[in-house]
Amino acid sequence: MNIVLMGYMGSGKSLIGRDLASKLKLEYLDLDDYIENQEKKSIFKIFEEHGEIYFRKKETFYLKTVLDTFENTIISLGGGTPCFVGNLEAIKEKENAKSLYLHTSLDELTRRLFAERSKRPLISHLNTQEELKDFVRKHLFERSFYYNQADYKISTDQKDANQISEESIAALF
Ligand code: S3P
């Protein structure tokens with residue numbers, strides 16, 4: 001069985017993914033890290049040198065590779081992964097994969113992302129908290145349609161990593 005974590009940038013997919021993997025004694029794979037290793041380039045550089053469409057094609061290719069080849073693994077997706085052509089379907093049609101959406105409020109996402117926006121190509125150009133919040137509000141609205149199709153949904157606000165992992169385990173098993 002694989003467990004696929006989805007959610008907006010800053011929702012804690014990597015942190016919770018690692019914690020879940022250690023609690024459940026499963027392997028852990030971060031799709032962004034996997035892409036960076038395979039392409040030998042940071043996500044930021046891929047966006048900068050080739051643009052978003054190129055990145056999305058690579059993301060779809062590596063998502064499918066990972067779903068076909070890994071077992072007993074917690075897989076953290078990139079924030080946009082389930083929202084681009086065919087990716088959600090590829091996840092949903094895998095009988096050995098359960099998906100979990102980590103839901104985080106707009107205020108909390110804005111707070112977390114403002115401090116680390118320079119590392120993220122989609123939001124690095126936003127200069128104020130207000131601009132970032134407006135961007136995230138709209139983006140999250142568009143993406144929620146996809147995230148809400150996950151098998152399970154956990155709200156992360158006002159919870160620490162341990163609580164989120166324990167709730168996730170209770171939902172998944
Ligand atoms: C993206 C999120 C990033 C990364 C890329 C695009 C997105 O992953 O895949 O910068 O479209 O939301 P994280 O959610 O891990 O930051």
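By class, the residues lining the largest pocket of this predicted model are 12 nonpolar, nine polar and 15 charged. The volume of this pocket is about 790 Å³. Select Gly-10, Lys-13, Ser-14, Asp-32 and Arg-120: among the 36 lining residues, these are the closest to the pocket centre.

Next, colour the helices that take part in the lining. At least two lining residues come from each of helix H1 (13–24), H2, helix H3 (43–50), H4 and helix H8 (161–172). Which helix gives the largest share of the lining? Helix H1 does, with five residues.

Now select helix H2 (residues 31–39) and helix H4 (residues 52–69). Their axes come within 10 Å and cross at roughly 105°. Angles of 65 to 115 degrees count as roughly perpendicular, so H2 and H4 are roughly perpendicular to each other. Show side chains where the two meet: on H2, the contact residues include Leu-31, Tyr-34 and Ile-35, and on H4 they include Phe-55, Tyr-62 and Leu-63. By class, the residues of this contact are eight nonpolar, two polar and four charged.

Move on to the strands. Five of them form an open sheet with parallel pairing, in the order S2-S3-S1-S4-S5. Strand S2 (27–30) and strand S5 (152–155) are the edge strands, each pairing on one side only. From one strand to the next, the twist averages 20°.

For the last stop, select strand S4 (residues 97–103) together with S5. These strands run parallel and are joined by four bridges. Pick Leu-100 and then Tyr-152, its bridge partner in S5.

Terms used. Residues are numbered from 1 along each chain as its sequence is written. This is a predicted model: local features need pLDDT of at least 70, side-chain atom pairs count only at pLDDT 80 or more; totals for chains, interfaces and linings use all residues. Side-chain values use heavy atoms; hydrogens and water are left out. Axes are lines fitted to C-alpha atoms, for helices over the stretch in contact, and angles run from 0 to 180 degrees between N-to-C directions. Angles under 35 degrees count as roughly parallel, over 145 as roughly antiparallel, 65 to 115 as roughly perpendicular and the rest as oblique. Contact means heavy atoms within 4.5 Å. Ala, Val, Leu, Ile, Met, Phe, Trp, Tyr, Cys and Pro count as nonpolar, Asp, Glu, Lys and Arg as charged, and the others, Gly among them, as polar. On a 1 Å grid over the protein atoms alone, a cavity is a set of points where a 1.4 Å probe fits but cannot get out, and a pocket is an open set with protein on both sides within 12 Å along at least five of seven lines; lining residues have an atom within 4 Å of a point. Grid points are joined across faces, edges and corners, and a volume is the space filled by probe spheres set on the points. Two strands pair if DSSP finds at least two bridges between them.
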